[in-house]
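Please look through the sequence and the structure below before reading my remarks.

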Amino acid sequence: MEHVADPLVKKPSVLRSQSETIGFVIMTAALVVAPFVTYPLFLMQAMCFALFACAFNLLIGYVGLLSFGHALYFGWASYLSAYSAKAWGFPPELAILTGTATAALCGLVAGSLAIRRQGIYFAMITLALAQMMYFFALQAKFTGGEDGIQAVPRGVLFGLINLKNEMSMYAVVLVIFLGGFMFIYRIIHSPFGEVLKAIRENEARAISLGYKTDRYKLVAFVLSATLAGVAGATKAIVLQLASLTDVNWPMSGEVVLMTLVGGLGTIFGPVVGAFAILVMQFKLAPIGEWVLVIQGAIFVSCVLLFRRGVIGEIANKLHIRL
Amino acid sequence: MFEIFGIPSTALFGQLLIGLINGSFYALLSLGLAVIFGMLNIINFSHGAQYMMGAFTAYLILKYSGLGYWPALIIAPIIVGFTGIIVERLFLQRLYKLDHLYGLLLTFGLALIFEGVARNYFGSAGLPYTVPESLRGGQNLGFMFLPNYRAWVIAASLVICIGTWFVIERTRLGAYLRAATENPTLVRAFGINVPRMITLTYGFGVSLAAFAGVMAAPIYNVSPQMGSELIIVVFAVVVIGGMGSILGAIVTGFGLGVVEGLTKVFFPEASNTVVFVIMAIVLLVRPAGLFGRRA
């Protein structure tokens with residue numbers, strides 16, 4: 001990460017100092033208008049993935065930890081949310097909470113194992129643990145194996161709002177997404193977030209300054225897993241489905257791809273990346289397996305040609321933070 | 001036939017054999033990963049895909065030129081190793097100055113491309129590859145039946161593993177390699193072409209994967225996804241063993257294969273996950289891995 005002199009100091013203009021606020025207003029406005037223009041179901045799915053990518057980005061972008069197993073938290077939250085709504089008849093708010101708690105617990109266990117090693121090993125450990133939980137999901141009775149959990153009832157939120165109505169569901173997902181997004185923004189810009197960035201830049205230095213970096217990393221990991229869980233649990237209610245796809249390794253790869261395309265360590269990058277990748281998958285669905293090849297090619301070209309990602313490049317050109 | 005812990009001996013030894021076979025592949029693949037990591041500081045995520053490419057190359061050689069298993073065992077690793085050299089020259093070379101994670105991401109992308117192309121042309125269903133004539137049949141050892149081909153796989157991978165260990169740890173070439181791992185700049189100053197050595201190391205690591213792929217072809221079917229799930233288990237093996245030691249990679253590979261085989265006998269539900277559970281335990285007890293040094 002390069003240290004550029006803060007452009008905010010040099011040229012104080014409204015656009016530069018308020019770039020993140022302006023970006024947030026534009027994003028919110030676009031998401032409010034969008035369901036009247038295009039498919040609400042697609043948008044809801046995209047928002048879930050966008051939140052998932054933002055949660056993942058909290059680790060890779062701000063602590064420098066590459067988790068290659070984030071499907072674990074997304075997928076297991078999705079399972080528990082779907083199961084509690086269907087089998088136990090939980091209302092949606094409790095179902096999402098159940099899924100999220102599951103993800104938090106998984107994050108606590110997996111995180112405390114993974115942070116014992118650094119760098120490349122961290123990525124391999126998170127991937128291996130996720131694969132283990134994939135096999136549990138494959139064998140466990142309640143997950144429905146290959147079929148997954150289908151026809152999950154959307155239910156009535158707080159006993160008031162019937163989520164069968166597409167627009168009510170949309171509003172709920174929008175609130176969850178924006179809430180998660182702002183929460184992540186708050187984390188990044190808090191003193192705690194500053195310590196995370198210090199660990200990313202130079203962990204040894206952070207340790208020598210007296211920070212217990214392992215604890216910070218673990219808390220960041222659990223937060224990231226929990227938010228990925230919120231995304232997965234909400235997705236299960238929206239699509240009324242939890243399946244093996246959500247918990248398998250290609251899902252972990254996909255969230256990496258979304259974040260990479262949008263821009264690692266940018267606030268809006270994961271959102272843009274998630275929408276871009278989902279639109280691509282949607283448009284390219286007819287050509288079948290070539291989607292995999294195209295995703296691979298995007299990976300390779302992102303790593304070789306534009307490591308900052310779409311939003312990262314824009315922010316860099318305009319000397320603003322996004 | 002006799003029984004051990006209430007398990008018929010044939011079942012026990014049969015699973016032990018399967019464990020050794022799986023262990024052979026774990027050992028060969030984690031060895032390749034360790035060799036590549038030592039030199040390039042990159043975790044080669046496409047290792048599984050290159051293993052798959054080895055098997056497909058053998059299949060295509062048979063289909064289009066009629067050359068059987070034995071020529072394929074030599075030709076396929078050379079071809080796939082050559083593609084590895086191209087990958088290193090074109091892509092990986094540009095990443096050495098960056099964070100290691102980019103190497104992982106790039107090779108992951110390559111793995112998706114390779115697997116996707118294979119799926120497009122060959123479909124997801126497996127293609128058969130027959131056991132070579134000379135290795136059909138088997139030996140009755142009294143307590144179990146040992147198919148010749150399986151005995152060959154275990155023996156061949158042991159020889160390759162020990163051969164690689166010998167070259168790296170006991171020869172002059174290996175000494176250069178190890179020196180270049182420690183301090184490339186200094187080794188370059190002695191007039192050794194380190195960049196070329198890096199390229200060839202990657203090619204060698206990749207051809208090891210392809211070699212394993214050819215050997216796997218008659219045992220498992222040849223299928224596009226044969227590498228992707230295997231490579232995740234191999235990652236766990238590598239975390240358990242630590243990549244600091246070549247011998248460690250080999251021992252851990254075979255050891256975990258056997259443990260997995262035994263789990264299949266005594267507690268079949270856990271056979272898919274036992275390697276990951278062991279990884280978790282090792283991380284708790286010895287975070288640096290069994291043979292690893294604390295970085």
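**Notes on helices, contacts and exposure**

1. In chain A, H4(A) and H8(A) are roughly parallel to each other, a term for angles under 35 degrees, whereas angles over 145 count as roughly antiparallel, 65 to 115 as roughly perpendicular and the rest as oblique. The axes of helix H4 (residues 40-62) and helix H8 (residues 166-188) of chain A come within 9 Å and cross at roughly 15 degrees; axes here are lines fitted to C-alpha atoms, for helices over the stretch in contact, and angles run from 0 to 180 degrees between N-to-C directions. Helices are DSSP runs of H or I with at least four residues, numbered from the N terminus.

2. This is a predicted model, in which local features need pLDDT of at least 70 and side-chain atom pairs count only at pLDDT 80 or more, while totals for chains, interfaces and linings use all residues. Residues are numbered from 1 along each chain as its sequence is written, and chains are lettered from A and ligands numbered from 1 in the order in which they are written.

3. The crossing of H4(A) and H8(A) is left-handed, which is to say that the near helix is turned anticlockwise from the far one by less than a right angle, clockwise being right-handed. Among the residues of H4(A) that meet H8(A) are A:Leu43, A:Met47 and A:Leu51, and the residues on the H8(A) side include A:Tyr170, A:Val173 and A:Phe177; contact requires C-beta atoms, placed from the backbone, within 7 Å. By class, this contact has 20 nonpolar, 1 polar and 1 charged residues, where Ala, Val, Leu, Ile, Met, Phe, Trp, Tyr, Cys and Pro count as nonpolar, Asp, Glu, Lys and Arg as charged, and the others, Gly among them, as polar.

4. In chain B, the axes of H2(B) and H4(B) come within 9 Å and cross at roughly 30 degrees, and that makes H2(B) roughly parallel to H4(B). H2(B) passes H4(B) in a left-handed crossing, with B:Met52 and B:Phe56 of H2(B) and B:Leu110 and B:Phe114 of H4(B) among the residues that make the contact.

5. Where do the two chains meet? The contact takes 33 residues from chain B and 34 residues from chain A, and the largest share of the chain B side, 16 residues, comes from H4(B). That side has 23 nonpolar, 6 polar and 4 charged residues.

6. The largest nonpolar core has 204 residues, and those touching the most other members include A:Ala50, A:Leu51 and B:Met279; such a core is a set of buried Ala, Val, Leu, Ile, Met, Phe, Trp, Tyr and Cys residues joined through C-beta atoms within 7 Å. H4(A) gives the most to this core, with 17 residues.

7. A:Val33 lies in helix H3 (residues 19-33) of chain A and, with 10 C-beta neighbours inside 10 Å, counts as exposed. On this scale a residue is buried if 20 or more other C-beta atoms, placed from the backbone, lie within 10 Å of its own, exposed if 12 or fewer, and partly exposed in between.

8. Phi of B:Asn41 is near 60 degrees, a positive value in a residue other than glycine. B:Asn41 lies in the loop between helix H1 (9-40) and helix H2 (47-65) of chain B and is partly exposed, with 15 other C-beta atoms within 10 Å.

Conventions
Two residues are in contact if their C-beta atoms, placed from the backbone, lie within 7 Å. Helices (H or I, at least four residues) and strands (E, at least two) are DSSP runs, numbered from the N terminus.
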